[in-house]
Amino acid sequence: MSRFRRFRLAAVPACFFVASISLLAQSQQAQQQPPQQQPPPPPTQPRQQQTPPAQQPPVNPFETAPRVQQAQPQLETPKPEAAPQLRPGQRFVDSVDIRGLRRVSPDMLKATMVTKPGDIYDEELLRRDFMALWNTNRFDDIRLETEPGERANSVKITFVVTERRVIRTIHYQGIHTVTESEILDRFKERKVGLVVESQYDANKIQHAANVLKEFLSERGRQYATVDPQIEQIPPSSLALTFNVNEGPKVKVGTIVITGNHAYSQKWVTDAMKNLHPYGIPHSIVAESLFAKTYDAAKLEEDGERIRQAYSDHGYFKMKALEPTVTIIPRGGKGWRLPIIKMEQPGIYADIVQPVDEERLYHLHTMKFEGVKLFRTPEALMRPLFGMGPGDVFQTDKLRKGIENMRNLYGKFGYIDFVPEPDFNFIPNTDQVDLTITADEGKQFFVRRIDFSGNSTTRDKVIRREIMLDEGDMFNSSLWDLSILRLNQLGYFEVLKKEDAADIHKNIGSNTVDITLKVKERGKNSIGLNGGVSGIAGSFVGFNYSTNNFLGLGETLSLNSQLGTIMRSASLSFTEPYLFDKPIQTGFTVYLNRYDFNQARQASIFAGQNLAALYNSLGAQNLLNYVQNSHGFKLFASYQLRRSFWRTGITYGYDISNIVTQTTAATNYFQYLNFSGVYGPNSLDGIHTSSITPSLTYNTVNHPINPSTGKSIYFSLGFAGSVLGGNVNTITPAVDLKYFHPSPIRKSQILAFHFLTSIITSYGGKEVPPFSRSFMGGENDVRGFDFYSITPIAYIASSASINVLNSDGSARTQETVSGGSLVKTPVTMQIPTYQIITPGGDWHSVFNFEYRIPIVGPITLAPFFDAGLNRILRPDQLTMDPARVEDLNLQFPQAGFSGKVQIAPGTQKPVASTGLEIQVILPVVNAPFRVYFAYNPSTIRENLQPPIVADRAAFPNQATFNNAVASFGQIFPFDDRRTYFHFTVGRTF
C-alpha cells in the first residue's frame, strides 16, 4: 500500500504539470484563432403539445453523454524551418543531395543516411554516410562536396557518385562441350551471382571464369582456357564475353584396379558405368572399342558404383579408395587395327582405382520386430528377401525385400507401413544379424472415390476400371492395377502412379478419400497414308476413329483405301461394357477389291517396268483378275475378374468372287484344284463361315505410346461347311508384344513384336487363294512393297504361238472373213508353265524398335523387321485332275503331274532395317511416320518356267525358238535394297 501511495503522490504533480501546459496551449490557440459562431438553438415547441408517453423506455447512458462542439479545422500557412540553436563555431546542414544517379532513386539512398537537413554538421557522421553509400556496391566512385548554404551558418552537402556499369549481355564463345543452360545451372549451384542486368564486379567475373574452367575440366577439357572480355556500351553498360578455348578432349585411358581379390578387374571395371569404354558386351575382343571422355565428377560416382556392386554381393564394408589419375599424351604409334585397336593420338587419363574389399559377410540371423499382422513373420524371410541364415548377405536382395514387404503391407491397407533395417556385425566374424523393425501404422479402408478432370467421360466409365470399391480395404496393388487399366483405355493422358490421385487419410475413422485426377486427351483419331509409284501405281488411305464415343467408352471407326491395286472400306463399332458387365461386343462390316495384274506384279518384283515384255506374250496369256470380297464379323469377349486375361469369340462370314480378265486367269481358277471349292469355285463364289475363339493377356500401359507391359494373344480359327460355308480351314495364330524401358535411359523404350500363323484345310477341301498369306508393307516388313513377299510357283497350262517359216518370217494362211479371202497368222497350241504368286500357308514376322524421344512429340526409332512366308503343304496346291488329263492327252510329251512347282529361292527369309521418325499429331492422335529402310536380306533370283515343249512337235527350229523365247525366257526377281515411305499409325 505504501508503494502505491508514493506512486500516486508522484503522479499528481506530473498530471498537474501536463494539465497546465494543456491549458496554456489552449489559451494561446484561442488568441490566434477567431471565435467560432455558435449555431442557433432549435426552436422550442409549446408545452401542451408535449404529451408524456404512458411508459418510458429505459434510458441509454450513451445517449445522455455530453456532446462536444468541435470547431472547424483551420489551415496554417507553412513557415520556414527555424535554424537550430548553434554554439559558437558550429554549423548546421542546409541540404543533402546526391548527384550522378541514373538507375537508383535518390530518396531510397537518403533513407539509409544518418545526416538529414537541419542537423548539426558533423564530419564523423558524414564519413559514416559515405561508407554506407560505398558499401551498397552500386558505385565506382563517390566524392563528397560541401559549400555554404543559403542561410547563415549552413552547409550544403552533395555526394557526387559514378554508378557502376551494368552488364547488358553475356556471351560464351567457343563452347561446345556444355550448353549455356548447363553453365547457368552451374553458376547458380556455385552462387556466382553473375547474370544479365547485374552490376559490374571484377571479382564475380573472375569467379565465374574459374567455375566455368572447372566445369569444362570435369567434362574432359582439362586444358581449357577462359578469357573474359569486356566491351563498353555507352553510356554506362557493358557487354561481357567469355572467350573459351576448350583445348583437346581428355579421354579415359587405361583403368587399373588394385586390391581386388574376389572379383576380376573386368568385373570391377564393368561396374564403372560412367567411364568404362563403349563396346559390345560379352564380345571378348570388342568390349572396349571407344574411350569415354574423362569426367572427374563421374569418376567419383563410379567409385560409389563399385562400392555398391561389392555390397550387393556380400562385401558390405568394402571401400573404394581415392583414385590416382595421370593425364598423359599417347597414341599415334605402334600397330593399328581398325575398330579393335585404333591407337589414335590424343590426351588420355590413366586411372588407378584401389579398393579395399574387406570380408564377405553372411546372414547369421534375421529378426522381425513390431510385426503384428503376421503371426510367424519369419516365414516372410525367403519369399520376400530371397535369403536366409547362412546365405551371403546381399544388399540388393535386402532392398528388394524391403520393397516387397512394403507392397505386401500395402495389399492389406497399411499404407503408412515403414520398415527399418538394423545391422549388427558380430566382431571378428563374417556374420551379421539383421533386424527389421516395422512400424505398421493403421489399416485404412476406402470411404470415397471421386474423379476430377473428366468433362466428357462419364464417371461410370472410369469407375468400372477401378478394382477397388467404396467400403473395401485399401489395396495398393489393386490401385496400381487400376491405374494401368485406365491407361490402357487411351482416353486420358498417361497417368502416373505417384501423381494420379490425391489420397486423403481420415485418421479418426481409418479411412481414405481418393480423388483421381485425369486429363482427357483427344478422342478422335484421323489417319492418312498414301504412296505413288510409276510401277505399282498409287494409293491413298484414310481412317477415322473415336475411342470414347459420347463419353461412354464406345469405339466407332471408319477405314478406307483407294488405289490402283486395292480398294477397301470398313466400318466398326465396339461396346466395351454390355449391360454394365465386362463383356465387350462389336461388329465390323467390310468391302474389298483387289486388282491383280501379272505384268505390274512382275515389275514390282523386278524393280523395273516389264509391262512391254509381258504384253508381248499376248494379253490373253497373262494372269489378270479382280477379286471382290465382302462380309462382316461379330465379336464378343469377357474379361476375367480382377485380371488382365480376356476370353473372346469371333464369328465371320465372307463372300469372295473372282472376275477374270484373261483366258489364262480363267484357266487358272478353273483348273487349280481347290478341292471341292471348284464345285462352286472362286469364279462363282467362295463362302467362308468361320468362328474363332481367342485368349488374350494384356498389360501394355498405353494403346498408342506404350512404355512397359506385354501382350499375349492366342486364337484358333475354324471355318467349315457345318457353319454354312464351303471352305474347311483351321488357322491357329500367336501374337506377342513386349515393351520395356531401356537399361541405358528410362525414357527410351525397347519394343518387340512376334507374329506367326498357319492355315491348313481338312475334309477333302483345300485352302482358297484369298485365305493364303501375303506380306510386305508398313504393317509387317517395312522395306518391301505391299503384298510383295510371297512364294513364286509355276502351274501347267497351254498357250498359242505363231508358226514361223524356216527363215523366221510369219507363216500365214488364207481364210474367209467377211466374204473375202484374207491372210491370217498360223498358230499352234504348246504346253507351258505359268508364273503365279499363290501366297503362303505359314508366315512369321519379327519386329524390333528402339524408340528414342527427341523433343516434344518427336521420336526417333531405329527398327529391324524380319519375315518369312512359306508353303509348308505344297500338296494343297494341285490342279484339277480333269484338267491335267486333258493337257496330257493334248501334249503327251509334257508329262504334267498336276502339282504346282515352287520356284527355288523364293521362300527365303527377308529382313529390313532403318530409321523411322514418329510424330504424334494432336489432331490425328496417332504417329505420323516417315521411314527409310535398307533391306540386307532380299530375294534375288532369275525365274525361268520349265520348258516342256518337245522340239519334234514343231514344224521347224524357228518356231521352236520363238516358243522358248516367249514362254521359257528368264525373268529377274530382284527385291529393292532401299525403300522410303510415309504413313500414319504404328507397325505394332
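With which residue does the side chain of Arg782 form a polar contact, and at what distance in Å?

Mentor: The model is predicted, so local features need pLDDT of at least 70 and side-chain atom pairs pLDDT 80 or more, whereas totals for chains, interfaces and linings use all residues. Residues are numbered from 1 along each chain as its sequence is written, and side-chain values use heavy atoms, without hydrogens or water.

The partner is Asp865: its side chain and that of Arg782 are joined by a polar contact of 2.7 Å (N or O atoms within 3.5 Å, one able to donate a hydrogen and the other to accept it; neighbours in sequence count only through side-chain atoms on both sides). Arg782 belongs to the loop between β29 (760–761) and β30 (793–802), strands being DSSP runs of E with at least two residues. Its relative accessibility is 0%, which is why Arg782 counts as buried (under 20%; exposed is over 50%, partly exposed in between, with a 1.4 Å probe on protein chains only).

As for the rings, the whole structure contains 30 aromatic pairs (Phe, Tyr or six-membered Trp ring centres within 6.5 Å; stacked under 30 degrees, edge-to-face over 60, otherwise tilted). One of them, Tyr172 with Phe242, is stacked, at 5.5 Å between centres and 10° between planes. Tyr172 lies in β4 (residues 166–173) and Phe242 in β6 (residues 237–245), so this pair ties together parts 70 residues apart in sequence. Both Tyr172 and Phe242 are buried.

How values were computed: Helices (H or I, at least four residues) and strands (E, at least two) are DSSP runs, numbered from the N terminus.
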